[in-house]
Each structure stands twice: as C-alpha cells, then as structure tokens.
Amino acid sequence: MMRFYQVQDIGQQDGVFDSAEWFTTRREAEKRAREIDREDGTAYVRTFDIPTTKKALLAWLNHYGNPTGMGFN
C-alpha cells in the first residue's frame, strides 16, 4: 500500500468540491489546507491507502475514481 493525502477544497458558494490536490505527507497536506482556509474557503484532508497490485488498484479506482469519491481538478 501507498499512503497519500488529499486536500479537498470546498467552494464557499455552492458547497461542492472546487478542487483536490494530492500530497505524499500529512504535513504538506495540512499546510496546504491551512492556506486554502485563509484564502477563500474550507479544506479537508483525507487519507487514502492506495493498493499497489493491479487487481486491488482496479477495485480501488472503481470505488474512489469519480468526482463524488475523490473530488476533481
């Protein structure tokens, strides 16, 4: 498994994910979330354990690989 951290930026106007950024460390993700909070909105940090085998990765993508599951850029 690989652990990644995602920062989801929630738009102030509509409450929908405006963007999602990925990081390899929690510290970097939390720093970016604080920047977003100061700039214009609300940000959440989510932790994802992403599998590295082909079959498990495909199952993970089918579960999380859509805008409602992971956000979008």
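Predicted model: local features only at pLDDT ≥ 70, side-chain atom pairs only at ≥ 80, totals over all residues.
Helix α1 covers residues 26-39. Its 14 residues reach 20 Å from the first C-alpha to the last, close to the 20 Å expected at 1.5 Å a residue. The buried residues of α1 are A29, R32, A33 and I36. These residues lie on the same side of α1, because they cover an arc of only 105° around the axis. An α-helix has 3.6 residues a turn, so residues three or four places apart point the same way. On the face of α1 turned away from the buried side are the exposed residues R27 and R38.

The next topic is the aromatic rings. With ring centres required to lie within 6.5 Å, the count comes to two aromatic pairs. One of them joins W22 and F48, whose ring centres are 5.2 Å apart. The planes of these two rings meet at 55°, so the pair is tilted; the edge-to-face class takes planes over 60 degrees apart. W22 belongs to strand β2 (residues 17-23) and F48 to strand β3 (residues 42-50), so the pair ties together parts that are 26 residues apart in sequence.

How exposed or buried are the two partners? W22 has a relative accessible area of 33% and is therefore partly exposed, whereas F48, at 3% relative accessibility, counts as buried. Buried here means under 20% relative accessible area.

F48 also pairs with W60, with ring centres 5.8 Å apart. The planes of F48 and W60 stand at 80°, so this pair is edge-to-face. It links distant parts of the chain, since F48 is in strand β3 and W60 is in helix α2 (residues 54-64), 12 residues apart. W60 is buried, as is F48. Through these ring pairs, W22, F48 and W60 are linked into a cluster.

Strand β2 also contains F23. F23 counts as buried because its relative accessibility is 15%, under the 20% limit. Which residues does F23 contact, leaving aside its neighbours within four places in sequence? They are F4, Y5, V7, E28, A29 and R32. For Y5, the C-alpha to C-alpha distance from F23 is 5.1 Å, although the two residues are 18 residues apart in sequence.

How values were computed: Residues numbered from 1 in each chain as written. Heavy atoms only, no water. Helix = DSSP H or I, 4+ residues; strand = E, 2+ residues; numbered from the N terminus. Expected span 1.5 Å × (residues − 1). Buried < 20%, exposed > 50% of the residue type's maximum accessible area, 1.4 Å probe, protein only. Arc of directions from axis to C-beta. Phe/Tyr/Trp six-rings, centres within 6.5 Å; stacked < 30°, edge-to-face > 60°. Contact = heavy atoms within 4.5 Å.
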